[in-house]
Amino acid sequence: MRQKKLFRELLLKWHAEENKRTMPWKGVKDAYKVWLSEIILQQTRVEQGWDYYEKFIQQYPTIVQLANAEDEDVFKLWEGLGYYTRCRNLLHTARVVRDKHKGCFPSDYNTVLNLKGIGSYTAAAITSFCFSQPYAVVDGNVLRVLSRFFGIETPVDATAGKKLFARLAQECLDTANPGEYNQSIMDFGATVCKPLPLCRQCLLQKNCVAFGSSKVDILPIKKKSARKKERWFSYFILTHKNKTFVQQRTAKDIWQNLYEFYLEETSADPAWNKETIKQWLASKQLSLSGEAVIIPAKKQALTHQVINGYFIVAELKKLPPAFAGNWLSSNQIKSKAFPQFIHQFTEKTSLQLRVL
């Protein structure tokens, strides 16, 4: 217990004297703003999420205003952040808070935990920061700090490791000031005890087991990750008279409800060339006006899968009857939300001028 008490005291000392990290949601007691920031920052770097947070707060200053918004408007604002399940959960939870909690974010930990899209970390962050509830946050930064300071070699992503670190985090928590303590350990992991740590300027260095045993580089330990599933997406950007074919992904898959160009998915690399493109177009009864352009897509790694693919730009001589109803102008397309896989292509090529 003495080591845990020392850890807590040193961490709070660092927070009071050295922590200079500033963020627009830091220190606020508005649960809506804390919740919004935490959802945006799930699987997103602070540098990228910061701008999105400010746009959301400007567009939807309260959770009721967010709840009343049109789905498509919110998805468009979210565009580029990826992991769109977060956005769907954001809307669902906002509407639950509006309808079941009279527009006021609940303060009870278990009630917050039961809201869609909120796990134990986010529930602890919201209730400790905004309502001083004694729940410790446990994220990647926290796991790294705890693993190194206490010299724990149990894999952080193993079942035993998850239980061990959750218990240790709670035992180290300053229950009198849970919000301040949680902020301190999160910031410490983000600015000092980083993957490449700043040990020389670390206030905890003398008492850190990993530093004393030269194990900073190997802690925390993770189990070997399972190989991610690979998928191949070939997007055909079919245009005719300044209109482009788009469709909405409605299946319960990645990027649900987002828009995309005509998609041909294959289990392996289709290795497109001009001849195979012509054959594919002929099979769809499509006739080209000029040459098709084939551009390999930039690979995108998601949580459990990797998306590879191509973008094939093809100007058609006429609109095929089977594609009727989904041909949009540039202005119409700009109002739709597309996945980052498509944006990273259109934003870096001159084709953006022709398509979006």
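Contact here means heavy atoms within 4.5 Å. With that in mind, Leu66 touches Tyr32, Trp35, Phe56, Tyr60, Val74, Leu90, Leu91 and Ala94, not counting residues up to four places away in sequence. This is a predicted model, in which local features need pLDDT of at least 70 and side-chain atom pairs count only at pLDDT 80 or more, while totals for chains, interfaces and linings use all residues. Residues are numbered from 1 along each chain as its sequence is written, and side-chain values use heavy atoms, with hydrogens and water left out.

**Nonpolar cores**

- The largest nonpolar core has 98 residues; such a core is a set of buried Ala, Val, Leu, Ile, Met, Phe, Trp, Tyr and Cys residues joined through side-chain atoms within 4.5 Å.
- Buried means under 20% relative accessible area, exposed means over 50%, and partly exposed is in between, using a 1.4 Å probe and protein chains only.
- Leu66 is among the residues with the most contacts inside the largest core, together with Phe7, Trp35, Phe56, Phe105 and Leu146.
- Helix 2 (residues 31-41) gives the most to this core, with eight residues.
- Helices (H or I, at least four residues) and strands (E, at least two) are DSSP runs, numbered from the N terminus.
- Another core, of 18 residues, lies apart from the largest one, and its members include Phe236, Trp280, Leu286 and Phe323.

- Two packed helices are described by the angle between their axes and the distance between the axes.
- The axes are lines fitted to C-alpha atoms, for helices over the stretch in contact, and angles run from 0 to 180 degrees between N-to-C directions.
- Helix 8 (residues 120-131) and helix 11 (residues 178-191) have axes that come within 7 Å and cross at roughly 130°.
- That makes helix 8 and helix 11 oblique to each other; angles under 35 degrees count as roughly parallel, over 145 as roughly antiparallel, 65 to 115 as roughly perpendicular and the rest as oblique.
- On the helix 8 side the contact is made by Tyr121, Ala124, Ser128 and Phe129, and on the helix 11 side by Pro178, Gly179, Asn182, Gln183 and Met186.
- By class, this contact of helix 8 with helix 11 has five nonpolar, four polar and no charged residues; Ala, Val, Leu, Ile, Met, Phe, Trp, Tyr, Cys and Pro count as nonpolar, Asp, Glu, Lys and Arg as charged, and the others, Gly among them, as polar.
- Helix 9 (residues 140-150) also meets helix 11, with axes that come within 8 Å and cross at roughly 85°, and these two helices are therefore roughly perpendicular to each other.
- Asn141, Val142, Arg144, Val145 and Leu146 of helix 9 meet Ile185, Met186, Phe188, Gly189 and Ala190 of helix 11.
- The classes in the contact of helix 9 with helix 11 are seven nonpolar, two polar and one charged.

**Backbone details to look for**

- Most residues other than glycine have a negative phi, and most peptide bonds are trans.
- The peptide bond from Leu219 to Pro220 is cis, with omega near 0°, and Pro220 lies in the loop between helix 12 (209-212) and strand 1 (229-240).
- Ser214 lies in the loop between helix 12 and strand 1; Ser214 has a positive phi, near 55°, and is exposed at 67% relative accessible area.
- Ala271, in the loop between strand 5 (262-266) and helix 13 (274-283), has a positive phi near 45° and is partly exposed at 43% relative accessibility.
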